Amino acid sequence: MTAPAIPFDEAQRLAALKACQILDTPREPRFDALARLTARLFGAELGTVSLIDEHRQWFKATTGAERLPDIPREDSLCAHTILQPREVTVVEDLSRDPRFADNHLVTGPLKARFYASAPLLDPSGYAVGTICAVDPHPQRPEPSAVAAMADLAAAASAMLQLHRRMAELRDMADLDPLTGLLNRSGFSRALEARQGSAFSLFCFDLDRFKEVNDLFGHAGGDQLLVEFSRRLRAALRAEDVIARFGGDEFVAMITAQLTDAELGAIATRILADLAAPVSIAGQSVPILASIGIARAPADGSDPLALLHRADVALYRAKTSGRRQFRFYDASLEADDAAEEAFREAARTDAFALEFDPIIRLRDGAVTGYEARAVWLRPGGARLTAEEFAPLAGQQGLLLGIENRELARACAAAAGWPGGQRLVFRVSPTQLRSEGFVTVVATALADAGLPPERLELTVSETMLSQGPPELAERLHRLQALGTGLSIHDFGANQAPLGALFRHSFTSLRLPAALISATDAAPGKSALLQAIIPLSRGLSLELVVLGVETEEQRQSLLALGIDAVQPLTFDAPAELAMPRPTLAAAVKDSLASEDGVNGSLST
């Protein structure tokens with residue numbers, strides 16, 4: 001048996017393979033379908049989609065019920081195929097080819113004879129894997145079958161690139177653009193992965209950060225945040241996980257199981273490392289921080305509850321004199337009025353709805369609004385649903401609040417003109433509720449809102465990790481006539497098969513796409529990978545978090561249907577949203593493009 005040679009550009013080829021981010025991922029129906037088509041093309045018993053790693057051949061898809069085990073690269077038939085990245089390899093009878101005659105696949109139980117394989121190429125032309133067909137009977141294939149195999153390989157290569165771009169988008173959505181640390185969503189996934197393990201959470205807050213911002217402006221504040229994150233990285237181990245949640249809020253997960261004394265030593269060292277001032281605009285500015293610490297499992301095992309407890313400890317550290325750390329203790333919450341305040345809010349209905357406009361790019365028309373519930377606390381503080389959900393969930397009040405706000409939003413939307421649609425974000429709590437479909441039907445009927453004007457949006461995480469009954473609930477909601485959409489599409493790992501199982505009406509793309517396109521126009525390829533998919537399935541594309549006119553123009557050129565700005569003033573009461581946005585957009589379009597005529601408000 002002749003061992004396959006190593007390509008002269010092996011280092012670059014392996015880098016291209018790694019960039020695909022597909023090795024050791026679960027099976028996917030779309031790749032399994034390619035393996036079946038490959039086998040059917042030649043009437044072969046076995047069809048595969050595989051990747052050639054440094055020391056192995058790994059199978060992404062096979063025609064059988066079980067995925068094939070890895071094959072050592074030196075025994076791989078397909079490791080020969082990648083040496084000819086522009087050709088389809090056909091061996092009519094492996095037993096008569098001296099390169100393969102004594103290969104285990106030929107002499108062993110499989111008794112492989114016929115072999116056909118085509119390389120999978122990345123955009124730079126590196127052969128990262130193959131599709132192949134294997135059969136125990138020799139054959140001489142028709143030229144048309146060989147040509148068709150080349151077409152299948154091109155399709156598989158395109159699927160690999162879509163997988164890569166979606167993975168890049170997920171990575172980008174998990175990072176804070178200023179510091180390069182994880183953001184809240186990325187840290188939440190890392191935290192969930194540690195559930196059941198021993199670890200500790202450190203919550204950080206920069207003392208008097210607002211004064212730095214006021215004195216040196218946002219650029220000076222950003223410089224302080226970047227330096228803080230650099231020092232925090234240097235103070236912790238590489239395996240510890242650090243994130244910035246926004247503003248001057250940071251959190252770190254210490255993945256080792258340590259004693260309180262050891263954790264206290266880490267906190268003391270961090271505070272000491274931060275003591276050296278940073279130079280901003282020629283002035284020395286000290287970095288002052290407070291730290292709250294919670295430990296798993298001693299302080300709890302639920303990730304959200306543990307994060308809350310670290311935050312409680314942080315609050316006590318700040319109110320006890322700053323520049324110190326505190327461990328969580330149950331007594332810290334004895335005088336914490338948050339739960340009581342929330343119970344009172346639920347009793348007095350201290351919640352309101354805010355509406356974010358959805359703007360059609362081609363003409364600036366406001367085609368609908370997303371409704372968001374907020375808790376209006378005494379003194380003017382405002383908490384979003386994402387912020388008060390953990391507190392509501394702990395008290396068993398979340399489902400009732402969410403369903404009540406859905407009914408209110410439907411009642412408000414019933415009075416909107418021009419068929420504008422209402423988008424309502426459905427929570428995991430609602431989808432787990434057996435009566436949720438009835439709740440939706442009742443809200444629509446009571447409000448007199450046609451079902452087609454309500455769009456229920458679910459997260460990618462729910463589609464990939466939701467309860468077994470999720471598919472049945474979504475089908476029942478569709479049967480009511482409501483629209484369905486996926487928000488933050490591409491931020492996680494929702495199976496693409498879900499797009500075919502349910503008749504979604506739109507994909508709502510995360511703000512990370514905007515920052516990527518804005519910072520580096522070449523990265524608009526991420527959007528361009530999703531656009532053909534949406535067009536083929538007749539899905540509207542809505543990009544969330546648009547802030548600038550440059551972003552709007554860029555998305556319009558790419559063919560995006562609509563955008564949803566980061567924030568907009570909410571109506572003071574549950575009534576028709578104010579038309580100021582549409583008027584502003586109309587004026588902008590008219591001044592730039594000469595667009596005239598009335599806009600839908």
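**A short tour of a predicted chain**

Hi everyone, let's begin with helix H2, residues 29–42: at 1.5 Å a residue its 14 residues should span 20 Å, and its end C-alpha atoms are 21 Å apart, which agrees. The expected span here is 1.5 Å times one less than the number of residues. Helices (H or I, at least four residues) and strands (E, at least two) are DSSP runs, numbered from the N terminus.

A word on the source: this is a predicted model, where local features need pLDDT of at least 70, side-chain atom pairs count only at pLDDT 80 or more, and totals for chains, interfaces and linings use all residues. Residues are numbered from 1 along each chain as its sequence is written, and side-chain values use heavy atoms, with hydrogens and water left out.

Back to H2. Which of its residues are buried? They are Phe 31, Asp 32, Leu 34, Ala 35, Thr 38, Ala 39 and Phe 42. Seen down the axis of H2, these buried residues fall within an arc of 155°, so they line one face of the helix; the arc is that of the directions from the helix axis to the C-beta atoms. On the face turned away from that buried side, H2 carries the exposed residues Pro 29 and Arg 40. Buried means under 20% relative accessible area, exposed over 50%, and partly exposed in between (1.4 Å probe, protein chains only). Just after H2, Gly 43 has a positive phi of about 65°.

Now, zooming out. The chain has 21 helices and 22 strands, and 50% of its 601 residues count as buried.

Next, a few backbone details. Most residues other than glycine have a negative phi, and most peptide bonds are trans. Gln 21, however, has a positive phi near 55°. Gln 21 sits in the loop between helix H1 (10–20) and H2, and at 35% relative accessibility it counts as partly exposed. Arg 208 also has a positive phi, near 60°. You'll find Arg 208 in the loop between strand E7 (199–206) and helix H7 (209–235), and it is exposed, with a relative accessible area of 52%.

And where is Pro 297 found? Pro 297 is in the loop between strand E12 (289–296) and helix H9 (303–319). A cis peptide bond joins Ala 296 and Pro 297, with omega about 5°.
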